[in-house]
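Hello,

Here is the structure I promised to pass on to you. Have a look at it first, and then read on for what turned up in it.

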Amino acid sequence: MALSLQQKIQDPNQGVYMIGTTPPKQGTDRAQLETIANKLLARLHEIEYDGVIIYDIQDESSRTQAPRPFPFKHTVDPCEYSQLIKELSHLDVITYKSVAQRDASQFNHWLSETKEKFGLDNLVLVGSPSSTGDIKLSLPDAYKALAAHQESFFLGGVTIAERHASKKNEQQRLIEKTTQGCEFFISQAVYNPQATIDLITSYARTCKQQGDIPKRIILTFTPCGGQKTLEFMEWLGISVPDATKWRMLDSENPLSESIRICRENLDLILQSCARLNVPLGLNIESLTNRKEEIDASINLYRLLKATMELHLAEKQIA
């Protein structure tokens, strides 16, 4: 019998391979929504994957003074799109939810609707992009509300290696989120492998010192087709070392070069963290709706999955 996504995430001997995507823009009618979803799944039909991550896109302009490279557009409800993808693919989904816009009562209602109306079990809750603005519900309070809710969910959290690079305490955030119910973590897109290695190493050491078992960290990778996408990545807070930046932009084919860089970065992370006993996973996303980058994300998925599968096989015979 095939394992569920939850079982795979919780079994350190299993690989976990996800595709990340955003819902279509707000106002898309049901027929067009199905067309878009079917088009996505048709692109994925030649690869084997464990499920799809559906993001909850928020306007993050409060986080930075820099202008957003691409205009912000509201999207269809992530729960609605998650339900559709789940029905069409017959695979599990993980649904992101930004919690700052609702108070505790409204959030509780949302949890009930998510389970009863949409039939969704796997959630990643995210807090406000900054400490300013109208925050009706903090992330810790959302975790408390979810823990007290009558419905049960399989909960994940976000981890940001760049935050660890500056504050050196991201491992404590992971441990604290675990006590609040998180069973796995999904990273921001990786272009600075050393920051990710430092985070995983700190997390492994702290878990060992405290007698905790590390939770799975699903590493996100994304292709970059050129200057505009790079600007968007940096606006999102993704750390791209200067040498990596120039290597992509100065190459004849930045998109292909970004795939090579991601492959090298994953290989370095796997080699550096092989003995740390932190189970890892893979999530491939495209940050833009450019066809070239979406197609490249499928090629990137194939390459990185093969890399991780080889690592798992080598680990099991070591």
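Let me begin with a loop. Asparagine 277 sits in the loop between helix 11 (254–272) and strand 8 (280–285). Please keep in mind that this is a predicted model. Asparagine 277 is not a glycine, yet its phi is positive, at about 60°. As a reminder, most residues other than glycine have a negative phi. Is asparagine 277 buried or exposed? With a relative accessible area of 54%, asparagine 277 is exposed, because exposed means over 50%.

Histidine 90 is another residue to look up. Its phi is near 60°, again a positive value in a residue other than glycine. You will find histidine 90 in the loop between helix 3 (78–89) and strand 3 (92–98). Histidine 90 is exposed, with a relative accessible area of 69%.

Now to the inside of the model. In soluble globular proteins, nonpolar side chains tend to be buried together. Here, the largest nonpolar core has 80 residues. Which of its residues touch the most other members? They are Phe107, Leu125, Tyr191, Ile217, Phe221, Ile269 and Leu280. There is also a second, separate core of 16 residues, and Tyr55, Val124, Val158 and Ile218 are among them.

Leaving aside neighbours within four places in sequence, isoleucine 269 is in contact with Val190, Pro193, Thr196, Ile197, Ile200, Leu219, Phe221 and Leu280. Tyrosine 191 belongs to the loop between strand 6 (184–189) and helix 8. Tyrosine 191 is buried, its relative accessible area being 0%. Along the sequence, tyrosine 191 and isoleucine 238 are 47 residues apart, while in space their C-alpha atoms are 7.2 Å apart.

Next come the helix pairs. Two packed helices are described by the angle between their axes and the distance between the axes.

Start with helix 8 (residues 193–210) and helix 11, whose axes come within 9 Å and cross at roughly 25°. Helix 8 and helix 11 therefore count as roughly parallel to each other, as angles under 35 degrees do. Helix 8 passes helix 11 in a right-handed crossing. On the helix 8 side the contact is made by Pro193, Thr196, Ile197 and Ile200, and on the helix 11 side by Asn265, Leu268, Ile269 and Ser272. Sorted by class, this contact of helix 8 with helix 11 has five nonpolar, three polar and no charged residues.

The next pair is helix 4 (residues 104–116) and helix 5 (residues 139–148), which pack at an angle of about 50° with their axes 10 Å apart. Helix 4 and helix 5 are therefore oblique to each other. Their crossing is right-handed. Phe107, Asn108 and Leu111 in helix 4 meet Ala142, Ala145 and Leu146 in helix 5. The residues of this contact divide into five nonpolar, one polar and no charged.

For the last pair, how are helix 9 and helix 10 placed relative to each other, parallel or antiparallel? Helix 9 (residues 227–235) and helix 10 (residues 242–249) pack at an angle of about 160°, with their axes 11 Å apart. Helix 9 and helix 10 are therefore roughly antiparallel, since angles over 145 degrees count as such. The crossing of helix 9 and helix 10 is right-handed. Gln227, Leu230 and Glu234 of helix 9 make the contact with Lys245, Met248 and Leu249 of helix 10. By class, that contact has three nonpolar, one polar and two charged residues.

Two more residues deserve a look. Lysine 97 lies in strand 3. At 8% relative accessibility, lysine 97 counts as buried, because buried means under 20%. Not counting residues up to four places away in sequence, lysine 97 touches Asp56, Arg102, Trp110, Val124, Leu125 and Val126.

Finally, go to isoleucine 298 in helix 12 (residues 291–317). Isoleucine 298 is buried, with a relative accessible area of 9%. Which residues is isoleucine 298 in contact with, leaving aside its neighbours within four places in sequence? They are Arg43, Leu44 and Ile47. Isoleucine 298 and isoleucine 47 are 251 residues apart in sequence, with their C-alpha atoms 8.2 Å apart in space.

Enjoy exploring, and write back with any questions!

Best wishes

Terms used:
Residues numbered from 1 in each chain as written. Predicted model: local features only at pLDDT ≥ 70, side-chain atom pairs only at ≥ 80, totals over all residues. Heavy atoms only, no water. Core = buried A, V, L, I, M, F, W, Y, C linked by side-chain atoms within 4.5 Å. Buried < 20%, exposed > 50% of the residue type's maximum accessible area, 1.4 Å probe, protein only. Contact = heavy atoms within 4.5 Å. Helix = DSSP H or I, 4+ residues; strand = E, 2+ residues; numbered from the N terminus. Axes fitted to C-alpha atoms, helices over the stretch in contact; angles between N-to-C directions. Parallel < 35°, antiparallel > 145°, perpendicular 65-115°, else oblique. Left-handed = near helix turned anticlockwise from the far one by under 90°. Nonpolar A, V, L, I, M, F, W, Y, C, P; charged D, E, K, R; others polar.
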